[in-house]
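Student: I am new to this structure. Can we go through it step by step?

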Amino acid sequence: MNMNDTSRHQTTMKYMEYHPLPIYSTQNTTPNISMPEYNATECATILIPQELFLTLGLVSLVENILVVLAIIKNRNLHSPMYYFICCLAVSDMLVSVSNVVETMFMLLHDNGLLMMMPNMMKNLDNVIDIMICSSVVSSLSFLSTIAADRYITIFYALRYHSIMTTQRAVCIIVVVWLASVTASTFFIFYYTNNAVIICLVTFFFITLVFTAVLYMHMFILAHVHSRRIMAFHKSRRQAMSMKGAITLTILLGVFIICWAPFFLHLILILTCPQNPHCKCFFSHFNLFLILIICNSLIDPLIYAYRSQELRKTLKELVLCSWCFVM
């Protein structure tokens with residue numbers, strides 16, 4: 001692919017290459033696909049500068065690195081739930097890294113500072129696509145895993161440490177990452193098949209339904225149990241577990257808001273690729289990418305806001321970094 005005549009959303013997701021849609025670059029370039037039957041002026045095209053992608057990506061990357069370092073540094077955060085949150089931060093880092101790398105290559109190429117061979121461009125494109133796909137698959141998997149962890153904490157509190165051991169948590173993490181990378185690689189290399197998009201969208205809805213069912217059961221029964229539990233230590237334990245469940249509910253809500261337009265985009269590719277209204281929706285793909293990056297940027301703020309221990313460690317890391325720079 002030639003970057004001079006390719007828009008960001010063409011180089012970011014393979015689905016755009018297989019399903020030819022109206023292409024709009026983030027720079028002032030001419031669309032490389034002609035759609036005479038579709039009047040592009042009917043849609044208000046939003047042009048997003050590359051510098052905004054780069055800035056958001058860098059901020060998100062720094063935030064998530066700090067979260068990972070804070071969890072590693074503070075022994076009070078060495079528990080299965082925070083291990084899973086750490087993996088969620090790594091998933092967000094994949095989006096940030098892929099965005100930063102792609103944007104830097106595009107800026108260097110557009111300013112004549114970098115020349116890339118077609119094969120090199122194709123390989124870079126594959127790596128970026130796999131990172132983004134791995135991010136969404138692993139994020140959904142870890143959100144479901146954290147929901148299951150909170151469920152066990154609330155309803156099997158006395159047996160929690162025997163059920164969710166550190167060894168089992170590590171095994172779950174390894175399995176999720178292996179499955180995510182393998183599935184993403186498979187998706188990218190077989191992107192020409194509509195079954196790939198169907199699988200990805202189906203996985204999205206299955207994990208959302210699974211997590212929603214667990215949370216509904218948690219909140220309903222926790223409300224009933226809260227009236228029956230009189231012992232202070234038990235009430236405190238349940239309160240802490242519910243706080244974790246509420247935190248993950250917020251994370252899930254933000255994830256749905258930020259990723260929903262992208263999955264709707266995939267659904268419309270399958271259902272109405274030639275419909276003028278759908279094509280108008282497709283033309284805003286760069287905005288969907290901004291939302292995805294914002295999800296990676298917002299998550300660390302939620303971790304810090306909901307966890308006093310994590311917030312304290314993050315402050316220490318920021319102060320230490322500041323003193324080191326000064």
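**Fold, cysteines and surface**

Tutor: Let us start with the fold. This is a predicted model. Read along the sequence, the protein runs α-α-α-α-α-α-α-α-α-α-α-α.

Student: How many helices and how many strands does the protein have?

Tutor: The pattern along the sequence shows α elements. The secondary structure comes to 0 strands and 12 helices.

Student: What share of the contacts with a separation of 6 or more joins residues 24 or more positions apart?

Tutor: Take the contacts in the protein with a separation of 6 or more. Among these, residues 24 or more positions apart account for 78%.

Student: What percentage of the residues count as buried?

Tutor: Buried means under 20% relative accessible area. The protein has 326 residues. The buried share is 50%.

Student: Which cysteines form a disulfide?

Tutor: A disulfide is a covalent bond between the sulfur atoms of two cysteines. A search of the whole structure finds 1 disulfide. The two sulfur atoms lie 1.9 Å apart, within the 2.5 Å cut-off. The pair is cysteine 272 and cysteine 278.

Student: Is that disulfide left-handed or right-handed, and why?

Tutor: Look at the torsion about the S-S bond of cysteine 272 and cysteine 278. The torsion is about -85°, so the disulfide is left-handed.

Student: Are cysteine 272 and cysteine 278 buried or exposed?

Tutor: The cut-off for buried is under 20% relative accessible area. Cysteine 272 has 15%, so cysteine 272 is buried. Cysteine 278 has 7%, so cysteine 278 also counts as buried.

Student: Which cysteine sulfur is nearest to that of cysteine 86, and how far away is it?

Tutor: Cysteine 86 is in no disulfide. The nearest cysteine sulfur belongs to cysteine 87, at 5.8 Å.

Student: What is the accessible surface of the protein, and how much of it belongs to carbon and sulfur atoms?

Tutor: The accessible surface comes to about 16,300 Å². The part that belongs to carbon and sulfur atoms is 69%.

Student: Which residues form a nonpolar patch on the surface?

Tutor: One member lies in helix 3, residues 50-73: isoleucine 65. At 35% relative accessibility, isoleucine 65 counts as partly exposed. The patch has about 260 Å² of accessible area together. Its residues are Ile65, Leu69 and Ile72.

Conventions
Residues are numbered from 1 along each chain as its sequence is written. This is a predicted model: local features need pLDDT of at least 70, side-chain atom pairs count only at pLDDT 80 or more; totals for chains, interfaces and linings use all residues. Side-chain values use heavy atoms; hydrogens and water are left out. Buried means under 20% relative accessible area, exposed over 50%, partly exposed in between (1.4 Å probe, protein chains only). Helices (H or I, at least four residues) and strands (E, at least two) are DSSP runs, numbered from the N terminus. Contact means heavy atoms within 4.5 Å. Accessible areas come from the Shrake-Rupley method with a 1.4 Å probe; for residues, only the protein chains shown count as cover. Patches are made of residues with over 30% relative accessible area and no salt bridge: like charges are joined within 9 Å, nonpolar side chains (Val, Leu, Ile, Met, Phe, Trp, Tyr) within 5 Å. A salt bridge is a side-chain nitrogen of Lys or Arg within 4 Å of a carboxyl oxygen of Asp or Glu.
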